[in-house]
Amino acid sequence: MNAARLVRFIRFGLVGSFGFVIDLGVVFALIQALQLDPVLARIPAWIAAVSITYLFNLLFTFRSTRLKLVGKRQRLRRYGLYVLSQLAGGVVNVLIYALVVSLFGVAWSVGLVIGTLVGMILNYLGASAVIDRRYESRA
């Protein structure tokens, strides 16, 4: 991994940490306020976290490519591709969370950490492909 990719990976981790806080906060709020099942609470929490991390990854992690596309249609397309690219990591994340919480009786907060860490690598690869590489050639 060259220096530029290492810096992007570290930035991705920082943005992901912020996304984790969003994820954790939404899960906590849904469990406490609405008495929602901890596994079901992960779905809207994941959507919120992915939306926030898209914005911050665009502005901070992959900033060299952030202005290459303009226009509402292109921004929506890029966001849609980002969300799709994050599904693999998101599915792995939520499945591991559900397994450790439901089957092994681990606290939901610990399950959230475990699922998040496992999904991070898949998410980075997807984000790199969509935000960085896919659009760099169009500049």
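This is a predicted model: local features need pLDDT of at least 70, side-chain atom pairs count only at pLDDT 80 or more; totals for chains, interfaces and linings use all residues.
**Entry 1**

Is Phe18 buried or exposed, or something in between? Its relative accessibility is 38%, so I noted Phe18 as partly exposed, since that label covers values between 20% and 50%. I then looked up Phe56, which is partly exposed at 36% relative accessible area.

Next I searched the whole structure for aromatic pairs and found 6. One of them joins Phe18 and Phe56: the pair is edge-to-face, with 5.1 Å from centre to centre and 65° between the planes. Phe18 sits in helix H1 (residues 3-34) and Phe56 in helix H2, so this pair ties together parts of the chain that are 38 residues apart in sequence.

I moved on to Tyr54 and Tyr82. Their rings make a tilted pair, 5.1 Å centre to centre with 55° between the planes. I checked how covered they are, and both Tyr54 and Tyr82 are buried.

Which residues do ring pairs link into a cluster? I wrote down Phe9, Phe12 and Tyr124.

**Entry 1: how H2 meets H3**

Here I followed the helices themselves. The axes of H2 (residues 38-61) and H3 (residues 72-103) come within 9 Å and cross at roughly 140°. The residues of this contact divide into 13 nonpolar, 7 polar and 3 charged. I also noted that the crossing of H2 with H3 is right-handed.

I looked for Asn123 and found it in helix H4 (residues 108-136). With a relative accessible area of 12%, Asn123 is buried, because the cut-off is under 20%. What does Asn123 touch beyond its neighbours within four places in sequence? I listed Phe12, Gln86, Gly89 and Gly90.

Leu84, in helix H3, gave me another reading: at 55% relative accessibility, Leu84 counts as exposed, because the cut-off there is over 50%.

**Entry 2: the whole chain**

Finally I stepped back. The chain has 4 helices and 0 strands. Of its 139 residues, 35% are buried. The chain exposes about 7,800 Å², and carbon and sulfur atoms supply 72% of that area. Among contacts between residues at least 6 apart in sequence, 75% join residues at least 24 apart.

Note on methods. Residues are numbered from 1 along each chain as its sequence is written. Side-chain values use heavy atoms; hydrogens and water are left out. Axes are lines fitted to C-alpha atoms, for helices over the stretch in contact, and angles run from 0 to 180 degrees between N-to-C directions. Helices (H or I, at least four residues) and strands (E, at least two) are DSSP runs, numbered from the N terminus. A crossing is left-handed if the near helix is turned anticlockwise from the far one by less than a right angle, and right-handed if clockwise. Ala, Val, Leu, Ile, Met, Phe, Trp, Tyr, Cys and Pro count as nonpolar, Asp, Glu, Lys and Arg as charged, and the others, Gly among them, as polar. Buried means under 20% relative accessible area, exposed over 50%, partly exposed in between (1.4 Å probe, protein chains only). Contact means heavy atoms within 4.5 Å. Accessible areas come from the Shrake-Rupley method with a 1.4 Å probe; for residues, only the protein chains shown count as cover. Rings of Phe, Tyr and Trp (its six-membered ring) pair if their centres lie within 6.5 Å; planes under 30 degrees apart count as stacked, over 60 as edge-to-face and the rest as tilted.
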